[in-house]
Number of protein chains: 2
Amino acid sequence: MKLVKWRDLEPQEVTQEGAVNTTIRVLLGPDDGVPNFIMRLFEIGPGGQTPFHIHDWEHEMFVLAGRGVCVLEGREVPLAPDDAVFMPGGEKHCFRNTGDETLRVICLIPKHE
Amino acid sequence: MKLVKWRDLEPQEVTQEGAVNTTIRVLLGPDDGVPNFIMRLFEIGPGGQTPFHIHDWEHEMFVLAGRGVCVLEGREVPLAPDDAVFMPGGEKHCFRNTGDETLRVICLIPKHE
């Protein structure tokens, strides 16, 4: 059993093209011996967003704090704390902070990607 | 993309032997088309706990609210909000509420189990 406190981890700036004011921490990943899926924590600052992108693998997310939207092709879905989100592979998406506070989300992906 | 608000889901009592005052909601599961891993939300009431058990698959957890301990063979690890936990397969464990409020955790498992 391994316990991780995310505030003990150094945030890494997301430098992928299209990312704005966004950091990532890997809470549970390959270094911890996870066999199947990886837990990351993203913080998207006010005015920030993740890249509008598409990939084959899914996200499973849980919103911890803040306000934002999930941007899809042709629509936006509001996000609030306690929302769980399934983003299937093959659907173009990004997450944008629309509030004044940090949008904080847990985001899991399969390990093989 | 699918968004789920956990409070909209009916909690199911965990009836497995050894479970006390514990409910489960499947936030993202097979019915939602998830390909690889399943997101559940557990609420363990004051005085409650999950069964002390062992299985081959892992948990990846995130504590949302409450106070408790992760009980292992020979030791207990305190749990507080914002803690992430990797519980590998093959390690006997349970989660026990040690506080006065509901212990609420997200717990993910691989889909094939």
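How many residues does the contact take from chain B and from chain A?

**Entry 1: ground rules.** I'm looking at a predicted model, where local features need pLDDT of at least 70, side-chain atom pairs count only at pLDDT 80 or more, and totals for chains, interfaces and linings use all residues. Residues are numbered from 1 along each chain as its sequence is written, while chains are lettered from A and ligands numbered from 1 in the order in which they are written.

**Entry 2: where the chains meet.** I looked up my opening question: 33 residues come from chain B and 33 residues from chain A. Being in contact means that two residues have C-beta atoms, placed from the backbone, within 7 Å. On the side of chain B that touches chain A, S8(B) gives the largest share, five residues. Strands here are DSSP runs (E, at least two residues; helices are H or I, at least four), numbered from the N terminus. I sorted that side of chain B into 22 nonpolar, three polar and eight charged residues. For this sorting, Ala, Val, Leu, Ile, Met, Phe, Trp, Tyr, Cys and Pro are nonpolar, Asp, Glu, Lys and Arg are charged, and the others, Gly among them, are polar.

**Entry 3: symmetry.** I laid chain B on chain A and got an RMSD of 0.0 Å, with a turn of 180° and a shift of 0.0 Å along the axis.

Entry 4: I found S8(A), residues 83-87, pairing antiparallel with S1(B) over four bridges. Strands count as paired if DSSP finds at least two bridges between them. Here Val85(A) sits opposite Leu3(B).

**Entry 5: strand S10(A).** Is this strand, residues 103-110, largely enclosed or open? Six of its eight residues are buried, so S10(A) is largely enclosed by the rest of the structure. Buried means 20 or more other C-beta atoms within 10 Å of a residue's own (12 or fewer is exposed, in between is partly exposed), with C-beta atoms placed from the backbone. S4(A), residues 37-49, runs antiparallel to S10(A) with eight bridges, and Ile44(A) has Leu103(A) as its bridge partner. S5(A), residues 59-65, also pairs antiparallel with S10(A), over five bridges; Glu60(A) faces Leu108(A) there.

Definitions and conventions. Copies are superposed by least squares on the C-alpha atoms of residues with pLDDT of at least 70 in both.
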